[in-house]
Amino acid sequence: MMLPFLACLLAVIPVVSMKSPIFGPQEVSRLEGGSASIKCFYPATSVNRHSRKYWCRQGARGRCTTLISSERYVSKDYEGRANLTDFPESNLFVVDIGHLTQNDSGRYKCGVGINTQGLSFDVSLDVSPGLGFLNGTQVHTVDLGKTVTINCPFSPENAADRKSVCKKISQSCIPVIDSNGNENPDYKNRVSISIQGTTQTAFSFIIKQLKLSDAGMYVCQAGDGSKADKTNFDLRVRKPEPELVYGDLRASVTFDCTVGPEVANLPKFLCRVGNDKGCRVVVNTLGKRAQDFEGRVLLISKDNRFSVHITGLRKEDAGHYLCGAHSDGEPQEGQPIQAWQLFVNEETTMPQMPSVVKGVVGGSVAVLCPYNPKDRDSLKYWCHWEAAQTGSCPQLVSSEGLVQEQYKQYEGRLALYEEPGNSTYTVILNQLTPQDAGFYWCRTSGDSRWWSTVELKIVEGEPNLKVAKNVTAWLGETLKLLCHFPCKLSSYEKYWCKWGNKNCKALPSQNEAPRLGSVSCDEKNQLINLILQPVTKEDEGWYWCGVKDGLRFGETVAVHVAVKERTKGSKDVSQVNAAPGKEVIEPGSKDVSQVNAVPGKEVIEPGSKDVSQVNAAPGKEVIDPHVREIENKVIQDSSLFAEDRAVMNPADSAGGSRPSEDPGSSSGQGGSSKVLISTLVPLALVLALGALAVGVVRARHRRNVDRISIRSYRTDISMSDFENSRDFGANDNMGASSVTQETSLGGKDEFTATTENTVEMEEPKKAKRSSKEEADMAYTAYLLQANNMAANVQDGPSEA
């Protein structure tokens, strides 16, 4: 049943060539006495908007005579009953013709420019007689799918006789229905006979859900035989005249369908008529959708009306469509339907936007949405297309902010930026999850032709921007956030913004608002920093780090900052400057705070028992003042013995190095006292022994002077030998000369010079020189021994 119906439907619906950019109805059918409103669409160019529009009638030899134009010309035949109105904002003009007669039937053209040289489209106008008589026959013209009621008169003599209706086919008349209950199967449950009372002289013949096959000549009869009353009538079923829909490539179109109250609660549908004479469902309220319209068709139903929106128009979408209501969600013969004819203009001015965007888990996407420049003040919004049922699209965010119902799922993740200068707005969605994949629609409260759709696909990969996910900041202190980005994004503009319900407000520079801080980028470390100083309670919330190229937004990443008040006297330290990707330490831990830390350096919070490295320069070490004070005391006390250290620590003066204790460690602090004690005690003992030894040596020297002189006379050595000693290069007075002795101490060489002055003796007392020499040698040996003892104590002190 369905295929023959569609075959007949296609036979009467004209096939329009899509080559001409001017588009209008190819055939228009009207009843005599009625009116016609003919729409002609033209490409949206400035030239077309300002060019002449016309309506002309084709005659012999291809000549087209102008009947009416946009230049206020109206022919004599059209005066008082025709009008041409141009709608340049909608890129169409309308020709209205009233008081139609059968003489108006013919071929016409609607066009732009000059009749013979401009753009035009052929239109056929057919005016048929309405309700009336034609050659003595009653004529009824009814639309397809509607109901017709025909009155059949009869004489009083046949009031009680059988009433019947038959349809003439060739020379026979096929029964349709009679008053005895007989009914033709082709009209089953669609026809009826009604007689109002016994005094009536006419009965009513009713046909519901008219089909194209119902058209023809019928005979009403009351009674039988030669006395029967017969009436002929001509039923004409008017083919559905398709309503024109003109759409630009990549744009959006809307089919507004109306159904009768008797089918208002039935499933609605839109189907496309194909070359196979079938009508394939595009979308219906039962959840059925065509695969090639997935994600770009939306059905919105309200009472006995529903609208079907199709976005992202393709040239293959052009063609014929039907909409209606039926329990099966598909068109059926005899059901009321509306016909549509879609023309897709390939000479479009619609901007080309990506139909697919890709993102990674944890990353972000920025979707650019165009809108009509005239809709600058209209409401812009973004919705997520859902596949269930009619393909609903719940709103997520608008130019007024995040929708309240979506706040829990999209808080800190979604924002809409308006850019009136280039007739676009940008929607940014970050912290992506696999559940975010799907289709999204860009819509406005203005011109729906600019609606667009984009598919979001989640692919494998890692986000380019990285920050800490959650950070705790202390009230009144300084917060520093780090955002890492790869070198490939170094040429882009970087920014920080604070997310709000309506947008993500960019943070001002340091000069504009010192309290809020500044945004600076360290190209060497590929970091962009955000500093808040001091932190206030209003600073709590979501912050975005992002990149952009001019007005075009790129990737973003979000971090949540929680502001807390530090408990007085608390020893807990918070790691507020967590490196990107690291977990933040909450208060109560024993970790160390990294306030204003240089990347890679550790910072100890002031007031803790550890060494503070607050505000340390890179590569430098900061010593706690308490430790510095102890270290200074040790240095001052040790400087009292600088002379002795030159002897006890010969390695230092020779350029050697010794391992030093860390002044910040406990061993270094305790070792200072031990070094002081171990140095003072041995030196005191050495000095005492040295004083005693000097006294003994000098006493022995006085006793031995005479002995040496006496003994010199007893010696067998001639004094002349001493006198000649200079001939061999000897020193004759060692005690009166400066002597330098080279001694090895502790494996190191050190030079020590000692000088002693003595009174030069007379020549007869030359023998005493040998005694003086012995005394000097003894004293020198003592000094060497004392130095060795002191060196041993210094190199290896044990306990005081």
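The legends below describe close-up views of a predicted model.

In this predicted model, local features need pLDDT of at least 70 and side-chain atom pairs count only at pLDDT 80 or more, whereas totals for chains, interfaces and linings use all residues. Residues are numbered from 1 along each chain as its sequence is written, and side-chain values use heavy atoms, with hydrogens and water left out.

**View 1. Trp385 and Phe439 form an aromatic pair.** A search of the whole structure finds 20 aromatic pairs, where rings of Phe, Tyr and Trp (its six-membered ring) pair if their centres lie within 6.5 Å, and planes under 30 degrees apart count as stacked, over 60 as edge-to-face and the rest as tilted. The pair of Trp385 and Phe439 is edge-to-face, with 5.8 Å from centre to centre and 85° between the planes. Because Trp385 lies in strand β28 (residues 380–385) and Phe439 in strand β33 (residues 438–444), the pair ties together parts that are 54 residues apart in sequence. Strands (E, at least two residues) are DSSP runs, numbered from the N terminus. Trp385 is buried at a relative accessible area of 5%, and Phe439 is buried at 18%; buried means under 20% relative accessible area, exposed over 50%, and partly exposed in between (1.4 Å probe, protein chains only).

**View 2. Tyr495 and Phe553 form an edge-to-face aromatic pair.** The two ring centres are 6.2 Å apart, and the angle between the planes is 80°. Tyr495 belongs to strand β37 (residues 493–499) and Phe553 to strand β42 (residues 552–564), so this pair links distant parts of the chain, 58 residues apart. Tyr495 counts as buried at 8% relative accessibility, and Phe553 counts as buried at 15%.

**View 3. Lys163 and Lys380 each sit over an aromatic ring.** The charged end of Lys163 is 4.8 Å from the centre of the ring of Phe154, while Lys380 lies over the face of Tyr371, at 4.4 Å from the ring centre. A charge sits over a ring if NZ of Lys or CZ of Arg is within 6 Å of the ring centre and within 35 degrees of the ring normal.

**View 4. Three strands form an open sheet in the order β19-β23-β22.** The pairing is antiparallel, and two strands pair if DSSP finds at least two bridges between them. The edge strands, β19 (253–258) and β22 (297–302), each pair on one side only. Six bridges join β19 to strand β23 (residues 305–310), and the bridge partner of Thr254 in β23 is His309.

Key
Helices (H or I, at least four residues) and strands (E, at least two) are DSSP runs, numbered from the N terminus.
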